[in-house]
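Me: I have a structure open and would like to talk it through. Could we go over its main features together?

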Amino acid sequence: MPTDLSPWRLSVAPMLDWTDKHCRFFHRQLTQKTRLYTEMVTTGGLLHGSERRHLRLDDCEHPVALQLGGSEPHELARCAQIGARWGYDEINLNCGCPSERVQRGAFGACLMAEPTLVADCVKAMVDAVDVPVTVKHRIGIDREESYAFVRDFVGAVAQAGCRVFIVHARNAWLKGLSPKENREIPPLRHELVYRLKREFPQLSIVLNGGVTSDAQIAAHLQQVDGVMLGREAYHHPWPMTGWDARFWGGAPNPRTRAEVEAAMVAYMQREAIEDGTPWSAIARHMLGLHHGERGARLWRQIWSDHRRKPLPAAEVAAQAAAVLAERQAQALASI
Ligand SMILES: Cc1cc2nc3c(=O)[nH]c(=O)nc-3n(C[C@H](O)[C@H](O)[C@H](O)COP(=O)(O)O)c2cc1C
């Protein structure tokens with residue numbers, strides 16, 4: 001294990017509607033060191049909406065990055081300052097989201113066609129805050145598939161002071177694909193990300209897209225500074241408990257699934273008092289906790305059953321634990 005590990009060595013991706021505060025709290029129960037990202041917060045949403053609603057975070061979440069969506073340098077600089085004031089450890093600019101709504105706002109992936117504007121945005125943010133300003137982007141847009149396109153983008157944005165690039169290793173097709181299809185259909189080209197690292201050895205290059213196992217993470221880390229996982233981490237979170245030991249040189253996570261669940265129930269109770277958050281808004285992020293175990297489907301059904309919403313979280317947890325225990329006892333009896 002190298003002694004000077006990059007802070008970006010391993011991270012969980014920003015995912016709209018998924019990596020909210022509650023999800024990040026859950027992930028933090030599984031890995032202490034992995035970097036976490038917020039959902040994308042637009043400059044408009046932050047400047048005209050509630051800071052607390054968008055930016056509230058828990059002390060345990062660090063290291064945690066705020067991802068911003070926008071394309072107006074002054075607004076981004078102001079939002080970066082607000083994010084830094086709330087305690088975020090990094091401000092990340094989204095240059096990879098292909099949604100039509102985001103394109104109408106002229107930010108996200110379509111910004112890759114305007115490296116000079118992105119450079120202006122980055123410079124304004126770098127001048128405004130002391131925490132690192134990073135960029136998450138694609139390898140190209142539409143049918144622009146040359147390496148030179150992404151190389152020139154990274155080169156221009158690095159000139160403005162960005163030192164960390166998180167590269168989702170597929171193009172964004174701005175017309176005709178939904179955001180979901182845009183995460184599946186344009187082909188993955190990890191070798192372009194490796195090439196960026198070779199060409200810009202002084203920059204931190206983080207690979208994202210289609211990574212689904214610890215073995216793949218380890219292999220990519222031979223070529224780049226970091227790896228970011230999105231869907232796999234969200235749907236199958238338990239392997240994250242091995243990451244601190246395997247990838248960070250830290251202690252293994254000693255907790256059992258039941259202990260993690262108990263920590264989440266305590267959090268649900270605290271959130272209900274502090275913020276009026278219903279437990280279901282938190283439980284929805286932990287439905288993959290027992291993935292692969294006997295009884296997991298029934299356990300998940302209990303935590304996602306809307307008829308149980310009026311019950312206290314501790315009671316739902318007790319019911320979920322009972323079905324798991326029953327299934328596991330049945331399995332033992334059948335041996
Ligand atoms: C539900 C969902 C929401 C997403 N929202 C964002 C977002 O807000 N900002 C962003 O940069 N990428 C977003 N992404 C893309 C992910 O960050 C990541 O780049 C993509 O899923 C590829 O990584 P993966 O194959 O490991 O999932 C989202 C992905 C999903 C599945």
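This is a predicted model: local features need pLDDT of at least 70, side-chain atom pairs count only at pLDDT 80 or more; totals for chains, interfaces and linings use all residues.

Me: Let us start with the layout. Which domains does the domain assignment give?
Reply: The assignment divides the chain into domain 1, residues 10–248, and domain 2, residues 257–333. Their C-alpha centres lie 31 Å apart.

Me: How many residues of each domain are in contact with the other?
Reply: Ten residues of domain 1 are in contact with eleven residues of domain 2. On the side of domain 1, helix α1 (residues 21–30) supplies the largest share, with six residues.

Me: And what is the split into nonpolar, polar and charged residues on that side of domain 1?
Reply: Six of the residues on that side are nonpolar and four are polar, with no charged residue present.

Me: You listed Val206. What does valine 206 touch, not counting residues up to four places away in sequence?
Reply: Valine 206 touches Val164, Phe165, Ile166 and Val167, as well as Val224, Asp225, Gly226, Val227 and Met228. Trp8 and Ser11 are also touched by valine 206.

Me: Changing topic: which residue does the UniProt annotation "active site" cover?
Reply: That annotation, from an unreviewed UniProt entry, covers Cys97. Cysteine 97 is found in the loop between β4 (90–95) and α5 (100–104).

Me: Why does cysteine 97 count as buried?
Reply: Cysteine 97 counts as buried because it has 26 C-beta neighbours inside 10 Å, and the cut-off for a buried residue is 20 or more. Leaving aside neighbours within four places in sequence, cysteine 97 is in contact with Met40, Gly69, Val102, Gly108 and Ala109.

Me: What about the ligand? Which residues are the closest to it?
Reply: The closest are Ala13, Met15, Met40, Gly230 and Arg231, out of 23 residues that surround the ligand. The elements that give two or more residues to this shell are β2 (35–42) and α10 (231–235).

Me: How do the residues of the shell divide by type?
Reply: The shell around the ligand divides into nine nonpolar, eight polar and six charged residues.

Me: Finally, the backbone. Where is the cis peptide bond joining histidine 62?
Reply: The cis peptide bond joins histidine 62 and proline 63, with omega about -5°. Proline 63 has its place in the loop between α3 (51–55) and β3 (64–69).

Me: Which residues other than glycine have a positive phi?
Reply: Among them are aspartate 17, with phi near 75°, and aspartate 142, with phi near 50°. Aspartate 17 is found in the loop between β1 (10–12) and α1, and aspartate 142 in the loop between β5 (133–138) and α7 (147–159).

Me: Are those two buried or exposed?
Reply: Aspartate 17 is exposed, with 8 other C-beta atoms within 10 Å. Aspartate 142 is partly exposed, with 17 other C-beta atoms within 10 Å.

Conventions:
Residues are numbered from 1 along each chain as its sequence is written. Two residues are in contact if their C-beta atoms, placed from the backbone, lie within 7 Å. Domain bounds come from an automatic or database domain assignment. Helices (H or I, at least four residues) and strands (E, at least two) are DSSP runs, numbered from the N terminus. Ala, Val, Leu, Ile, Met, Phe, Trp, Tyr, Cys and Pro count as nonpolar, Asp, Glu, Lys and Arg as charged, and the others, Gly among them, as polar. UniProt positions are given in the numbering used here, feature names are shortened, and annotations may be inferred rather than shown by experiment. A residue is buried if 20 or more other C-beta atoms lie within 10 Å of its own, exposed if 12 or fewer, and partly exposed in between; C-beta atoms are placed from the backbone. A residue is near a molecule or strand if its C-beta atom, placed from the backbone, lies within 6 Å of it.
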